[in-house]
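Colleague: I am new to this structure and would like to learn how to read it feature by feature. Could we go through it together, with the general idea before each case?

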Amino acid sequence: MKVCRRSFLSLIIGGAAGTALSPLPLKLMDDSSIWTQMWPWTPVPEDGEVSHVDSICTLCPGGCGITVRKVRSMIGDRAIKIEGMKGHPVNDGGICVLGLSGLQLLYGPTRVKTPLKRAGARGEGRWEKISWDEAIAEVVKKLGELREKGKSHTVACISGTDSGTTAHLLGRFLTVYGSPNFIRIPSIQDSYELTTYLMQGVQASVGFDVENSDFVLSFGSGLIEGWGSPVRMIKANSMWKERGKVVQIESRLSNTAAKADKWVAINPGTEAALALGIANVIIQESLYHNDFVNNYSSGFEEFKQIVLNEFSPDDVSEITGVSASTIESLAKSFAGASKPLAVCGRGQGETPGSLNEFMAVHALNALVGNINKKGGVCAVPYPDYIKWPEVEMDRTAANGMHKGRIDGAGSKKYPDTRYLLDRLPDAINSGEKYPIEALFVAGANPVYTIPDTKAVKEAFNRVPFVVSFSSYMDETAENADLILPNHVFLERYEDVPTPVGLQKPIIGLSKPVVKPQFNTKHLGDVILLMAKSFGGRIAEAFPWDSYEACLKKTLGNKWDGLVNNGFWADSNFRPAAWEGAFNTPSGKFEFVNKGRAESIKIEGDEQAYPLILMPYDSMRLASGFIGAPPFAIKTVEDTALKGKDIVVEINPKTTRGFVEGGYAILSTPKGQAKVRVHYFDGIMPGIVAIPRGLGHTAYDEYLADKGINFNELIGPVEDPVSGLNAAWGIRAKLIRA
Amino acid sequence: MSTLDDKSEETVEQVETTKSTGKEQKNGSWGIVLIFFVIGLVGSLAVGWWIFPKLLYSQKKQPIDFNHVIHVAAVEEGCESCHFFREDGSFSGVPKLAQCVDCHEEVMGEDPNEAKFVEEYVAKGNEVPWLVYSRQPDCVFFSHAVHVKMGKVDCVTCHGHIGESTHSRVYEENRLTGYSRDIWGKNIAGLKKNTWDRMKMDDCAECHAENKAVPKIVETLPWPISWMPRPYEKPASSQIKVHIEKDACFVCHK
Amino acid sequence: MEEHTKAKKYGMVIDLDKCTGCGACMAACMAENNVPFKKDESNKLDSITWMRVYKLTNGKKFPEAEICYIPRPCMHCEGDHGHAPCVSVCPAVATDYSHETGIVSQIYTRCFGCRYCMAACPYHARYFNWWDPVWPDGMEKYLSPNVSPRMRGVVEKCSFCFHRYQLAMNKAYVEGHRELKEDEYQTSCTQACPAGAIIFGDLNNPGHAVCQIAKPDHKHGGRPMNPNAFRLLERLGTNPKVYYLSSRRWVRRAGDNYIKDEGKQGNH
C-alpha cells in the first residue's frame, strides 16, 4: 500500500487528535513545570525531629553561650543553626556574625579531614594522608630524637590560649618534656595583665564591669567592634544609651566613635599623653578619690610631680591635637561621673600596645578610685579548678626547662612579661639564642596573625619540623610538615574559663553538638597519646585515659551543672576589697611609671612615607586565627572589599589625586600592595586606614586571595618596657596606580 | 524532506495514469486516509493513556514490606501511636528507627520481613529509607497540627485506607518530577473519586471550599486551567469557590 | 471552627541609636533562611541579603562627620489596604499581602522572574537569583528544612521569618490555642541582634512593644507619634510596617527624600 500525502497528513491529524484527547499534554506540561520549578539540583533539606544543644562558642575569646538547633535526618543529626544562648551571663541570647556562621566552618570545605603529612615542598599544598597512629608515631619519634640529644628546649609551642584544660595539658606536656617555650598568642590581655601585676601586684585577668559603669572613656578601643567579649560589649553599649556616656578617643570615626556620645579625634599614638593630661586636670583640681589615693596607693607624689610638670593641658594639646578645653572637660566629666571607667587597647585588641599607655589609663581608674569597684576595673583571679599534681621532671626535662625562653619573656630585659610571640620570628631568624627544631601550633594561625609575614614565613622555613593542630587548612597548616587536625568546636568537649574582660569568674563548657564529621581527634587526646608513647615521667604526668575523663575529673562536682546549664558562675564572687587587694611591695596600689610616657615611634621615614597606615577592625571580618566564613565575607561592605581588591580609606583633604574606588599602590617599609581608594570624611587627614582580616592565602575560594593581609605591611615595634608589640601603625605612601 | 518529495511525485504519476478510474480511486484513497486517521488516533490514544503512564512512572519497592493491619491491632492509640505530634507541634510522620526499636529490639514474629528489618536496620542502626507516598514538594508547608488538632480531619481523608493495608504497595515515582504518583493520583487523567485520590493544590482548595475552614472566599478558574499561573482577580461567575484567598499563599507555601 | 482570631499586623521597630552596624542581623537571616552565597559578594546589586545594613553619612567634614547604620529588611508595606507596591504589579500572584498577618509573601515556585516587583519596590528589598544556588560539598548539611532553597530565575526577599510563625502556630494548635504570645514568634534577626536594637511584634496588639512605639498619629497621615520614630520614604504612601527610631535629626531626614532646605517635616 502506498502512503500518499493525504494519508500521512491524516495520520498526523489523527495522532494529534488522539494526543489531545489523552492526558499526555496536560500531564507532561504539569510535570515539566514542576520539574522546572524544582530543579533536581536544588537541594531539598531533609526534615525531622528538632532538638537543641547548649554549648560555648570558642571562635574568639569572647566565650558566648550558644544554642545549636539540630534536625534528625537519615544521615544523622544535622546542625542547622547557631543561636545565642538565652540567660548566659556573657551574651544572653545575642550572637555575632562569626558565631552565626559557625556551621559553615563545621561543614565547610576548609576542614582538614584526616591527618596529613607533607608530600611536596613546604607550602606547595601536596599532602599524603596518614593514619593517626602514624601521625602520632612520627611526632613522638621526632621529639624523642631531640630529647635524646639534650635539645628538648628547642621545641616551641604556639597556643591560642593558656587557659582551660587543653592548654594546660599542652603546657604540662612541654614542661615534663623539657621545653620552656610555651607561647600564647599576643593581645591586649598581655598588657593588661602586666599592668595589674606592676600596679596591683596580682597575677589575674582584668575584668571590666561595663554593665554598671556610667561613663566610659575609651582610648581607641573598639568597644563595639570586637574589643573584649564582643556581644557583651555591644549589649553594654545599648545600656549606656539608656544610662551612661561613652567618649571615644580615636583618629578615625570608627563604629565605636560613631556610636559614642562624644568622639575626640586625636593624633594617632598619643593616647598615653592624653591620659596623663586628663590626670593632670584631675590632680590639679583635686577631683581624685581622696580615700583611695591617700590610703591605698603609693607613689602618688612622684606621679603627681611628673604629671603636673610635663602634662599640662596646653602641652598635651600640642602633642595630641585635642584642645586644652576638651581635655579639661573630659577630665571633669570623667572624675565627676559616679562610676567612671577608662579602657584602652586599640580596635579588637589584637596588638598588645604600649605598656606606658596602659599604665597611664589604669592610673586614671585609680585616681577616680574605681579599682575593684562596681562599674570599674577588677582583678579577676584565674579559676583554680585545674588542680593537678605537680609534674615530676626527669633530669633531661629539668635541664631543658633551665634554658631561657627563646622569645626573651622572663629574661632580664623583660622580667615580668610572660609571652613574647612577636619576638619569636626575629629570635629564630637571627639565631642569637638557639635554633628551634620543632614547632607546634594549636588554636592559632601565626603565619597570618603575626606582623611582618615575610619574617614569620622565613622563621617557619628555618624550623625543620612544624606540626599544626588546626582543624582548617589555614596559612600555618599550609606551611606545616604535619597536620593533626583537631575537632572543631561543635564536635568536642572543652572548658572555657572566664572570657576576656568579664568581671566575674565563670566556666563555660563547650560540648559536642554533632559527632565528628571527619577523621579528626581532640587535641587533648592527642597529647595524652603522645605522652603515653613516651612512657617514663612524661606518661606519669598524664594519668588519664582520655581527654573527656581528664576533663570530668578536673571539673569534679562542677561537671553535672556544666553539662546541664552550659556554664558555671561563681555567684559569691566579689572583687577583693582595697584592704589587702594589692600585693605590691608596698601593699598598696602603685602609681608606677616605668620610663617616660613617650609615644611609641612607628616604623618608617617621614620623608619617604608621608602618610600613616593604620588598621581598623570590624565585627564583620574575623581577623584572628579563624578566617571569615562565607556569611561573614558577604556582610563586608564594598568600601572595604571590592571584587578581589581591598579598599583603603583616606580623607579627601589628604589628597584629591584619586578617583573614588580607583587603584593605588600602597607601600610601607615592609611591603606594598595594590589597593582601591575610598574617600571618607571620618578619617583624620594624613592617615590611611585598612581593614584587618582580609588577604588570606589559605582557606576556601570565598575568602582566599581577597585583598591584602595588613600584617604583610607592618612589622612589630618592641615596647621598651614590656617587649610586647606596640606598633599602632606604620608610615606609608599612596601613589596612583 | 526527501520522502515527502518522493510521495508527491508518486501522487502526480498516479493521477496521470489512472484518469479513467479517477472517481473510484478517489473513494478508495479517502478510505485509506480514514484508516490512517484512525491509526493515528488510536495509536496516540494508546500512547497517551497506556504507554505514557508506564514510561512516566518508575516502580519502586519499599525496603521492607510493611503490614499496617498487624501494627494497628497491636497498638492502643491507632494511627497516633506511631504517627504522633511532637511537643513542638511538628508531626512525626514516618517513624524513625528509634521508635520501631522500642518493640523490635529482637525479632518478635515469624514474618521474614521483620527478620530482614531487624537484621539490616535495627542491628546496624541504619534508618529505613522508606518511600513516602504523600511526600509533597519542598515548596509546600503542610501543618498536620491545624488539620488534625483544630480541623479534626481524619487521617483517612487525605491518606486513604492505608491503615488497612497488609502489604506495602509499589511506590511509583514520577521520572520527571521525582514525586510519588499519589500526588497526581492513580488516574492518569487526574480524575478522582475519593478525597485521598489526589493531593495537588486544587485538592486542598476543594476541601477548604467545602468546609469553609477559613472565612474569606475567593474564586479560582475551574479545572483544568486552575493550576496554571493566573491572576486571582474575581472574573466570571461559573467558578468553583475555593477558600484560597488572594492573601493566603504563605499559608501553605514556604 | 467559628472561633475567629483577630487579624495580626506584624511589624518591626529598629532602634538606630542602638544599632552598631555589626552585621549579625544579616548573618542571622542568611543562616535562618538558607540564603546562598557566591565567590564574590562585593557587587551589592546582585548580592542577596534579605536583611541589609546600609551606612549613612551626614556629609560633613572631619571631624564633624557622623555615620549611622540602618538595617533594611522587607518593609512589608501595607500600602492602601494591602496594595503594597510589589504586590500590585506581580502578574503571577507570586507575592501577596496577607491580611491575616500583614506579611508580604513570596512564593518562589510561582514566581517566573519578570522582576516587576523589584522595579516597584522603593526599598531595594527584593533580590533576583541570577544563578542557581551552590553550596560547597558538605555545606548543604546545615540547610534548614523550614525554608525551601530558591532556584535560578526567581525573586526572593525577607519574609519576617514566616516559617517561624507557622511553626509557632503548630505548637499553639497542639497545645490547643490559636493566639501567640509576643515571644513565641520572633524573627531570626531580632533574636540575634546583640544590641537588642530590633523589636518585633504585632502592631495591632497593645500588649506588644512595637505597638506602643509605633502608635500612629492619625491627624498626620498615620505617621508615628513618637518624635524619634519614622519610616523610610514615608511620603511615598507605601505604609511600611518597619519603624525606625533615631534621636538624630539628620538620620530621620535621611529616611526620606527632602528637597534642600525643605521645611519642618524632618523635624518631626
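Colleague: How many helices and strands make up the secondary structure of chain B, and which pattern do they follow along the sequence?

Modeller: In this predicted model, the secondary structure of chain B comes to 10 helices and four strands, and read along the sequence they follow the pattern α-α-β-α-α-α-α-α-β-α-α-β-β-α. Of the 254 residues of chain B, 17% count as buried, and among its contacts with a separation of 6 or more, 65% are made by residues 24 or more positions apart.

Colleague: What should I make of the confidence scores, for the model and for chain C?

Modeller: Where pLDDT is low, the predicted coordinates should not be read in detail. Here the mean pLDDT of chain C is 91, with 96% of its residues reaching 70 or more, while the model scores ipTM 0.94 and pTM 0.92.

Colleague: How many residues does chain C bring to the contact with chain A, and which elements of chain C take part?

Modeller: The size of an interface is often given as the accessible area lost when the parts come together. What we have here is a residue count, with 50 residues from chain C and 64 residues from chain A. On the chain C side, the elements that give two or more residues are α1 (24-32), β2 (52-57) and α5 (188-192), and α1(C) gives the most, with seven residues. By class, the chain C side of this contact with chain A divides into 24 nonpolar, 11 polar and 15 charged residues.

Colleague: And how many residues of each class does chain C have on the side that touches chain B?

Modeller: That contact takes 27 residues from chain C and 24 residues from chain B, and the side of chain C that touches chain B has 12 nonpolar, 11 polar and four charged residues.

Colleague: Are the faces of strand β8 of chain A covered or open, and what does the strand pair with?

Modeller: Both faces of β8(A), residues 205-208, are covered, with A:Ser205 and A:Gly207 buried on one side and A:Val206 and A:Phe208 buried on the other. β8(A) pairs in the antiparallel sense with β14(A), residues 377-380, over four bridges, and the bridge partner of A:Gly207 in that strand is A:Cys378.

Colleague: Which residues have a positive phi without being glycine, and are they buried or exposed?

Modeller: One of them is A:Asp705, with a phi of about 60°, in the loop between β27 (687-691) and β28 (730-736) of chain A; this residue counts as partly exposed because it has 13 C-beta neighbours inside 10 Å. Another is B:Lys152, whose phi is near 50°, in the loop between α6 (144-150) and α7 (155-159) of chain B; B:Lys152 has 8 C-beta neighbours inside 10 Å and therefore counts as exposed.

Colleague: Where is the cis peptide bond in chain C?

Modeller: The cis peptide bond joins C:Phe62 and C:Pro63, with omega about -5°, and C:Pro63 is found in the loop between β2 and β3 (67-72) of chain C.

Conventions
Residues numbered from 1 in each chain as written. Chains lettered and ligands numbered in written order. Predicted model: local features only at pLDDT ≥ 70, side-chain atom pairs only at ≥ 80, totals over all residues. Contact = placed C-beta atoms within 7 Å. Nonpolar A, V, L, I, M, F, W, Y, C, P; charged D, E, K, R; others polar. Buried ≥ 20, exposed ≤ 12 C-beta atoms within 10 Å, placed from the backbone. Pairing = 2+ DSSP bridges. pLDDT = per-residue confidence, 0-100.
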